[in-house]
Amino acid sequence: MKRRLPIIPLVFSVFVFTGCGHKKMVESSVGNIVDLKGIVDSDTLRVATMTGSTSYFMYRDELMGFDYEMAENLADYLHVNIKISVARSEKEMLEWLENGKVDLLAYNMVETKELKNKFSFVFPQPDTYQVLVQSIGANALSDVTQLEGKDVYVKANSPFHKRLTALNEEIGGTINVILAPDSLNNDDLIDMVAENKISYTLAYNNLAQLHRSYNRKLDCHMPVGFNQRNGWLINTGCVNLRKAIEKWQQLPETDLMVSNLRGKYLDKNPFLSLRRIEIPKGSISPFDRLFKKYAPVINWDWRLLAAVAFHESRFNTTEVSWAGAAGLMQLMPHTASNFGLNKNNCFDPEMNIEASVQYIKSLNLSFSQVSNKEERIRFILAAYNSGPAHILDAMALTKKYGKKQHTWFNHVEYFLLKMSESQFYQDPVVKYGYFRGKETAKYVHNTLETYEKYRKKTNN
């Protein structure tokens with residue numbers, strides 16, 4: 001059975017849960033650094049971390065995070081329980097480790113001379129470097145010398161604070177270093193840049209690029225430092241713990257878990273996907289009222305419209321895709337302008353939904369020859385994702401090869417998937433050429449699947 005972890009911000013004598021689900025009191029050794037034997041004797045690995053998009057967070061009542069899951073796996077390998085202590089700052093975590101209040105920092109710490117003199121780095125992560133996080137646009141800075149006179153927000157005593165201090169000395173300028181409150185973490189500061197609440201902050205490139213994959217308004221191209229090693233920390237004297245961690249990280253199953261979790265937290269990060277989206281209890285989204293208001297215009301179940309929004313933007317009203325699709329329903333600029341949206345109102349959720357409904361209404365007319373309503377919805381979803389041209393090409397191929405051109409699954413969908421092969425996209429009936437249909441086919445399937453989940457979740 002998976003161990004359930006208590007969240008311990010400041011207390012160090014706590015209940016921890018054993019593998020069989022029974023509570024047991026374990027006294028931590030405050031101020032007493034212990035090596036592997038002490039950890040095994042106490043039956044507890046004491047771990048410090050911080051809340052962050054890749055380290056540790058709560059998502060839909062589940063504890064998650066790359067560092068959290070890997071630390072839990074390490075505790076399983078050592079056959080001990082785990083106790084998580086959540087710090088408010090890196091300084092606090094380091095104090096806990098130095099004083100023996102925790103055995104391990106499961107958090108991505110960048111290697112510095114000062115830290116190497118005090119602690120041992122274990123479980124190394126890919127090298128990274130610091131970048132400036134700013135808004136994309138013509139006024140984006142391109143050189144560190146342009147930071148003179150600019151307000152840059154960082155946490156006190158963080159590596160970013162130290163780097164800005166060094167930069168000020170290097171360029172002889174006057175960067176306005178503004179210290180952010182302890183209540184904010186690096187993810188929060190990046191979000192504040194995206195929301196135009198502040199102009200600049202610093203972040204490590206891997207984290208900055210992760211945020212940018214969810215918000216294309218961010219510019220993270222300008223480095224302000226060099227490549228640095230990073231990883232977890234333990235006390236230098238804990239030689240046997242270090243050896244055990246090194247043995248654990250070399251296991252094939254550990255390597256596989258690292259690979260799987262990197263995909264989970266760096267490709268489709270749960271923390272960021274719904275970070276700013278608060279879904280009221282019993283609701284599908286924050287916009288249920290709007291979906292119910294506009295779905296009747298196209299004679300759709302409002303939950304189907306909600307499913308489209310989820311797969312377009314994850315209900316993020318500020319989403320901008322690499323191709324320029326914007327807002328809750330991810331309308332392309334030309335389509336958006338055709339239905340009354342512009343750069344000033346495209347992120348307004350109601351106007352974005354209203355415009356998308358009008359677009360769906362036009363697609364409904366385009367596929368009016370598909371008489372069965374359920375089938376027509378599948379064609380409309382496909383066209384919403386790829387545009388109608390390639391769907392019409394796939395229908396033409398379907399008809400030519402004697403299949404049902406008004407049936408999606410196993411008929412038109414089949415030929416859409418074939419349109420990346422020259423035999424089919426070079427066929428005379430195909431007007432718009434080559435197309436990779438895999439994403440569109442998946443989109444139709446996933447949207448309908450989400451719609452079914454929403455129907456089961458709600459009765460209205």
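Me: Where is Asp43 found, and between which helix and which strand?

Reply: Asp43 is found in the loop that joins helix H1 (36–42) to strand S4 (44–50), and this should be read with the caution that the model is predicted.

Me: How should I read the packing of helix H15 against helix H17, and at what angle do their axes cross?

Reply: Angles under 35 degrees count as roughly parallel. The axes of H15 (residues 373–386) and H17 (residues 408–418) come within 11 Å and cross at roughly 25°, which means that H15 is roughly parallel to H17. The crossing of the two helices is right-handed.

Me: Which residues make that contact, and how do they divide by class?

Reply: From H15 the contact is made by Glu375, Arg378, Phe379 and Ala382, and from H17 by Trp408, Phe409 and Val412. By class, the contact of H15 with H17 has five nonpolar and two charged residues, with no polar ones.

Me: Which residues touch the most other members of the largest nonpolar core, and which elements contribute to it?

Reply: A nonpolar core is a set of buried residues joined through side-chain atoms within 4.5 Å. Of the 56 residues in the largest one, Phe291, Trp300, Leu305, Phe315, Met329, Ile353 and Tyr384 touch the most other members. Elements giving two or more residues to this core include H15, H17, helix H14 (349–366) and helix H19 (438–457), while the largest share, eight residues, comes from H12.

Me: With which residues is Ile353 in contact, leaving aside its neighbours within four places in sequence?

Reply: On that basis, Ile353 is in contact with Phe287, Leu290, Phe291, Tyr294, Leu305, Leu328 and Met329. There is also a second, separate core of 52 residues, which includes Ile39, Leu207, Trp232 and Met257.

Me: Where is Leu266, and what is its relative accessible area?

Reply: Leu266 has its place in helix H9 (residues 252–266), and with a relative accessible area of 38% Leu266 is partly exposed. Leaving aside neighbours within four places in sequence, Leu266 is in contact with Thr54, Leu210 and Leu261.

How values were computed. Residues are numbered from 1 along each chain as its sequence is written. This is a predicted model: local features need pLDDT of at least 70, side-chain atom pairs count only at pLDDT 80 or more; totals for chains, interfaces and linings use all residues. Side-chain values use heavy atoms; hydrogens and water are left out. Axes are lines fitted to C-alpha atoms, for helices over the stretch in contact, and angles run from 0 to 180 degrees between N-to-C directions. Helices (H or I, at least four residues) and strands (E, at least two) are DSSP runs, numbered from the N terminus. Angles under 35 degrees count as roughly parallel, over 145 as roughly antiparallel, 65 to 115 as roughly perpendicular and the rest as oblique. A crossing is left-handed if the near helix is turned anticlockwise from the far one by less than a right angle, and right-handed if clockwise. Contact means heavy atoms within 4.5 Å. Ala, Val, Leu, Ile, Met, Phe, Trp, Tyr, Cys and Pro count as nonpolar, Asp, Glu, Lys and Arg as charged, and the others, Gly among them, as polar. Buried means under 20% relative accessible area, exposed over 50%, partly exposed in between (1.4 Å probe, protein chains only).
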